[in-house]
Amino acid sequence: MTLSLMSSVATPAQETPAAKEAALTQTQSSTLKSSMDKLETELVAKYGETQRARLRRGMTQVANFWRSEDGDTAAFEQFVRIQFAGDQATFDTMFSRFQSLLEQLDGHMGEIGREFRQQSDLDLGPILGFDDLFAAYDPAAHVNDDFFKNKLAFVVLLNFPLTTLEQKLQEGAKWSRRQWAETRLAQRFSKRIPAEVNLELGRAYAETSKYIAEYNIWMHHLLDEKGNRLFPPKLRLLSHWNLRDEIKADYSDVKDGLAKQRMIQQVMERIVTQTIPAVVVNNPNYDWNPYTNEVKPTTVKDFDESAPAATTASNAAEPNTRYAKLLTSYRAARKVDPYSPTAPTHIARSFNEGREIPEARIKAMLEQVLASPLVPKVARLIEARLGRQLEPFDIWYNGFRPRGAYTEAQLDEIVAKKYPTAEAYKQDIPNLLVKLGFSKERAEYLANNIVVDPARGSGHALGASMRSAKTHLRTRVEKGGMNYKGFNIAVHEMGHNVEQTLSLNDVDFTLLEGVPNTAFTEALAFVFQNHDLELLGLQKPDAQSHALKTLNDFWGTYEIAGVALVDMAVWHWMYDHPNATPAELKDATVKIARDVWNKYYAPVFGKQDVVLLGVYSHMIDSFLYLPDYPIGHMIAFQIEDQMEKAGNIGREFERMATVGSVTPDLWMQKATGAPVGAESLLAATQGALTDLAAVKK
Ligand SMILES: [Zn+2]
């Protein structure tokens, strides 16, 4: 994932409730009406008839946000006279200067935020109490408020157009690049949210992500019925990412793989239902049987002194902390609602403003995959390959990947030899990019813009917001060298870094920096990640492995589409039950996870009431981020397909990553010639099943 979500969560600033605000706006608009009529006559006489519509629109936009504290009617009139750019030359200068100065502002705020979170994000030793306070501080929290107070926001609103999602969808294809840049400029000031609300969002994100980043399970301390330890000493897995990836890796373990997978499923279910003993979280001092839930002091010391000290060996359950943290996210997000009249819930902001794809359309795309008749066909194929009936953890089946040819241990060895340190990986980035099809010169240019840091968590990419700053790749390198999981994640994050560099430094307008939404940055990162084995020099995909890769993508999309529906339904439930307790939220989440399972998975897996879809850690700290993953898979498939057609990843990546931040469908039209959708994934899946059947004959 990336850490750019705060910008989409934390939007603009003030303190009255919605109703009062609306009334205030109305009053101001009507008070200012005669001023606006007068100014229209005066300024049209000065600048000409061509400016009438622009002027009227601009004054209305300003009046809608103007409060009594901003000045009386005389102040409003004076403001409009001075700040309306009525001739093209002034207007162009205004556009350029706002663009470059806002880049400086965002860029430096980004740099401060990165430095302040450094101790918390990087593997730099203990986090002290004040480090958390630094990490929670958002230096940009007051910017929007300040820009309304000093009236720079009003300058923008007077001169540039606010647009709705409907307008962007209907008219955006006809806009020029400059018009799109103007739209993005105005959009920054489409809300006026109090700084303390933005600060609270930042605090909630820091608090919940710390909870997630420290949620490790010490695997050697899991005991089966006979007291056996299935996992090697020192193995510490972060929930849920590393646990899930261990399930995937265990398909290669002929002897103990199945027992390990079943045990991890049991651990995950106890996390979701919060029946996990509190003392076994991030603590190797206890041995735990996740089936009986028995806890006792450990008899094996596979940890160093820095592990948390032993407390009483109790199996008392974690006290619904997981859901208390999720409520923290929800309550912080809800505080924005009164100040966002056009998107009055976090759900609306997430889809209409964050993704710029309506929620109903996303839900339909997810259900199109979940209910596809291809699902049971692929499921039967997996059963045939496994030689047994599906079990719930097989939602993470990865045997379609050519990777199944290597054990995790073999891959770990190859990677550890190649990358003993984060620095070794950094040195190799230009070579990796050349292997992906970038020219040597471009590979050097891109590599020079990536700083590699040791991550505290599983890894992430942090983009810059000004061209003079660099992107950061955070990767976890264990003491014995990088392992395969770490490499796989690092390649993914490197995809983000390359996209972040191109979409900021090489796009025509910095106001169009980025890609339409996080699904696109994930999609582009998946393009890199999907080639990780080739980057290790292990594999040249043939027709069969291409078909396998398609089925892997399809199965992964099927899995995460259900997870996304759970995330969406849980956010709706929280909005419907604003005063819920953590225990009530737990019960609701468990029920939702079971319902989605029973509708779309139970018929395929032959087992009811499984809660695994609720285990994703992003649900807790990422503010409705999960739908980006399945949409990302669909988009990734469209993009990868286009890259295959074009025959060169590097060149196509550069072309696509510089389309910039337009709407998703428009971006995809430019990149591939078709809008966003599941169709190409489904068509290719059908094709892959056919191809695979042909190979077998
Ligand atoms: Zn990512």
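**View 1. Contact of helix 22 with helix 23.** Asn-488, Val-491, His-492, Met-494, Gly-495, His-496, Val-498 and Glu-499 of helix 22 meet Thr-521, Glu-522, Leu-524, Ala-525, Phe-526, Phe-528 and Gln-529 of helix 23, where contact means heavy atoms within 4.5 Å. By class this contact has 7 nonpolar, 6 polar and 2 charged residues, with Ala, Val, Leu, Ile, Met, Phe, Trp, Tyr, Cys and Pro counted as nonpolar, Asp, Glu, Lys and Arg as charged, and the others, Gly among them, as polar. The model is predicted, and local features need pLDDT of at least 70, side-chain atom pairs count only at pLDDT 80 or more, while totals for chains, interfaces and linings use all residues. Residues are numbered from 1 along each chain as its sequence is written, and side-chain values use heavy atoms, with hydrogens and water left out.

**View 2. Crossing of helix 22 and helix 23.** The axes of helix 22 and helix 23 (residues 518-529) come within 7 Å and cross at roughly 130°, which makes helix 22 oblique to helix 23. Axes are lines fitted to C-alpha atoms, for helices over the stretch in contact, and angles run from 0 to 180 degrees between N-to-C directions; those under 35 degrees count as roughly parallel, over 145 as roughly antiparallel, 65 to 115 as roughly perpendicular and the rest as oblique. Helices (H or I, at least four residues) and strands (E, at least two) are DSSP runs, numbered from the N terminus.

**View 3. The zinc site.** The protein donors of the zinc ion are His-492 (NE2), His-496 (NE2) and two OE atoms of Glu-522, lying 2.1 to 2.6 Å from the ion; donors are N, O and S atoms within 2.8 Å of the metal (3.2 Å for Na, K and Ca), and water is not among the atoms, so sites may look incomplete. In sequence the donor residues follow the spacing H-x3-H-x25-E. His-492 and His-496 are 4 residues apart in helix 22 and therefore separated by about one helical turn.

**View 4. Helix 20 against helix 22.** Helix 20 (residues 422-435) and helix 22 (residues 484-505) pack at an angle of about 65°, with their axes 12 Å apart, which makes helix 20 roughly perpendicular to helix 22. Tyr-425, Ile-429, Leu-432 and Leu-433 of helix 20 make the contact with Phe-487, Ala-490, Val-491, Met-494 and Val-498 of helix 22, and these residues divide into 9 nonpolar, no polar and no charged.

**View 5. Helix 25 beside helix 29.** The axes of helix 25 (residues 543-576) and helix 29 (residues 628-646) come within 8 Å and cross at roughly 155°, which makes helix 25 roughly antiparallel to helix 29. The residues of this contact divide into 7 nonpolar, 5 polar and 4 charged.

**View 6. Two loops with backbone exceptions.** Most residues other than glycine have a negative phi, and most peptide bonds are trans. The peptide bond from Ser-239 to His-240 is cis, with omega near -10°, and His-240 is found in the loop between strand 2 (236-238) and helix 13 (241-249). Lys-151, although not a glycine, has a positive phi of about 80°, and Lys-151 is found in the loop between helix 8 (143-149) and helix 9 (152-159).
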